[in-house]
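Here is a short briefing to read alongside the model. Take a moment to look it over, and then we can walk through it topic by topic.

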Amino acid sequence: MKDLFYRIQQNKGPLGKWAKHAEGYFVFPKLDGPIGNRMKFNGKEVITWSINDYLGLANHPEIRKVDAEAALEYGSAYPMGARMMSGHTEVHEQLELELAQFVEKESAYLLNFGYQGILSTIDSLVSKDDVIVYDVDAHACIIDGVRLHHGKRYTYQHNDIESLEKNLIRATKIATQTGGGILVISEGVFGMRGEQGKLKEISNLKSKYNFRFLVDDAHGFGTLGKNGSGAGNEQGVQDKIDVYFATFAKSMASTGAFVAADKEIIDFLKYNMRSQMFAKSLQMVLVKGALKRLDMLRSRPEFKNNLWKNVNALQNGLKNSGFDIGSTKSCVTPVYLKGSIPEAMVLVKDLRENYSIFCSIVVYPVIPKGLILLRLIPTASHTLEDVSITLEAFSNIREKLEKGIYKRLSQAISSSA
Ligand SMILES: Cc1ncc(COP(=O)(O)O)c(C=O)c1O
């Protein structure tokens, strides 16, 4: 028998093994200063392309004022306890009502965190007789929700409707035997590569197969659809989505989330969702702050317009310069380059130190070996000057990558990994 920690001591995991070279710089970096298009990294101003503050609300003076006033009035503890027990208020209900109306559903329920919230939504929606069919590229919180499921689950190839149909046929056979139902799960926007989930095509399959549809619209809420009401609205199929989820952690620039559906389903979730029944209610500061943010989202189209002006400038600029940005149909802007993890590290360091560009890198195992993904998140607070500086920097680093400069510089890292 081995000591429990033996495995951990031997193998730090696919990302953890790079910690010696990466920590504090590529991972766990410390960005200082007010949240915005320019922040400080290691004491130097950088253009920040790695923050999901899509609408630029995080540091908006009206929002900061509401947040501060709510903190003064309620502190950060109120209300204490879970919603069901002692953590329920009229303001929570008000926010739920407004969110439900905004996303065109009968009812909504607040979640204290997005991750646990959707995990627990999945857990509550299915029993062991049910079958889950979900996109293979789903976010970790969906995967973890599926992990709790005691029945069958199938993945379909990313955004591949043929593969989804094959799995719906398998799922239908199983559900017919067990007497259960089928839950299909997609994201509204896939956060790594920026593709929209094929919500329309998936919804159309409802005429052939009997399933319920759950959409995680973390990146679509606030950025797509009428006034930012999400990817379902953008694709004209919001009414075909049975359970709609979005987080406050992106466009709303806050913490918390919500799930929206028919009243019957939300009433069920209120009494059965373990992450909310056995955990503290969303704090009043966040609820008051979310009401203000939602109001700005609905009534001030300039934030979304500015966001898309910057998205279009950045994505068109990259495409015109010959960069591969995949098939993004959202604000998430991936730039694919060919190279190893050590090369990616040297390249990103060059971007930060010599071009003052701060963006996230994504490498294997999140994407296939040999690819480097630089992930840029344009926001409403960026400027066209930020875009043109970035485009020039990207052309320069691509040239260095192609000339093998980063490969040479990365040899020390490769040999010690
Ligand atoms: C698709 C998706 N779902 C859910 C979450 C979790 O949201 P939260 O940060 O509110 O826990 C995220 C956050 O990264 C996400 O990208």
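In this predicted model, Phe-258 is in contact with Leu-99, Ala-108, Tyr-109, Leu-110, Leu-111 and Ala-246, leaving aside its neighbours within four places in sequence. Together with Val-133 and Val-259, Phe-258 touches the most other members of the largest nonpolar core, which has 114 residues. That core draws at least three residues from each of domain 1 (10-48 + 301-416) and domain 2 (61-299). As general background, nonpolar side chains tend to be buried together in soluble globular proteins.

- Five of the five residues of strand β10 (residues 257-261) are buried, so the strand is largely enclosed by the rest of the structure.
- On one side of β10 sit Ala-257, Val-259 and Ala-261, on the other Phe-258 and Ala-260; these residues are all buried, and both faces of the strand are covered.
- In general, side chains in a regular strand alternate between the two faces of the sheet.
- Strand β4 (residues 107-111) pairs with β10 in the antiparallel sense over five bridges, and here Ala-108 has Ala-260 as its bridge partner.
- Strand β9 (residues 243-247) is also antiparallel to β10, and four bridges join them; across this pair, Phe-245 stands opposite Val-259.

- The protein is divided into domain 1 (10-48 + 301-416) and domain 2 (61-299), and their C-alpha centres lie 29 Å apart.
- Contacts between the two involve 16 residues of domain 1 and 14 residues of domain 2.
- On the side of domain 1 that touches domain 2, α13 (301-320) and β11 (333-338) each supply at least two residues, and α13 gives the most, with four.
- By class, that side of domain 1 has eight nonpolar, five polar and three charged residues.

**Lys-304: buried or exposed?**

- Lys-304, found in helix α13, is buried, with 22 other C-beta atoms within 10 Å; the residue meets the cut-off because 20 or more such atoms count as buried.
- Not counting residues up to four places away in sequence, Lys-304 touches Leu-55, Thr-223 and Gly-228.
- From Lys-304 to Ser-86 the C-alpha to C-alpha separation is 37 Å in space, and the two are 218 residues apart in sequence.

**A four-stranded open sheet**

- Four strands with mixed pairing form an open sheet in the order β1-β2-β3-β12.
- Why is one side of β1 and of β12 left without a neighbour in the sheet? β1 (31-32) and β12 (357-358) stand at the edges, each with a single partner strand, so one side of each has no neighbour there.
- Strands β2 (residues 38-41) and β3 (residues 44-48) run antiparallel and are joined by four bridges, with Arg-38 standing opposite Ile-47 in β3.
- As a general point, strands of a sheet pair through backbone hydrogen bonds, either parallel or antiparallel.

Definitions and conventions: Residues are numbered from 1 along each chain as its sequence is written. This is a predicted model: local features need pLDDT of at least 70, side-chain atom pairs count only at pLDDT 80 or more; totals for chains, interfaces and linings use all residues. A nonpolar core is a set of buried Ala, Val, Leu, Ile, Met, Phe, Trp, Tyr and Cys residues joined through C-beta atoms within 7 Å. A residue is buried if 20 or more other C-beta atoms lie within 10 Å of its own, exposed if 12 or fewer, and partly exposed in between; C-beta atoms are placed from the backbone. Domain bounds come from an automatic or database domain assignment. Two residues are in contact if their C-beta atoms, placed from the backbone, lie within 7 Å. Ala, Val, Leu, Ile, Met, Phe, Trp, Tyr, Cys and Pro count as nonpolar, Asp, Glu, Lys and Arg as charged, and the others, Gly among them, as polar. Two strands pair if DSSP finds at least two bridges between them.
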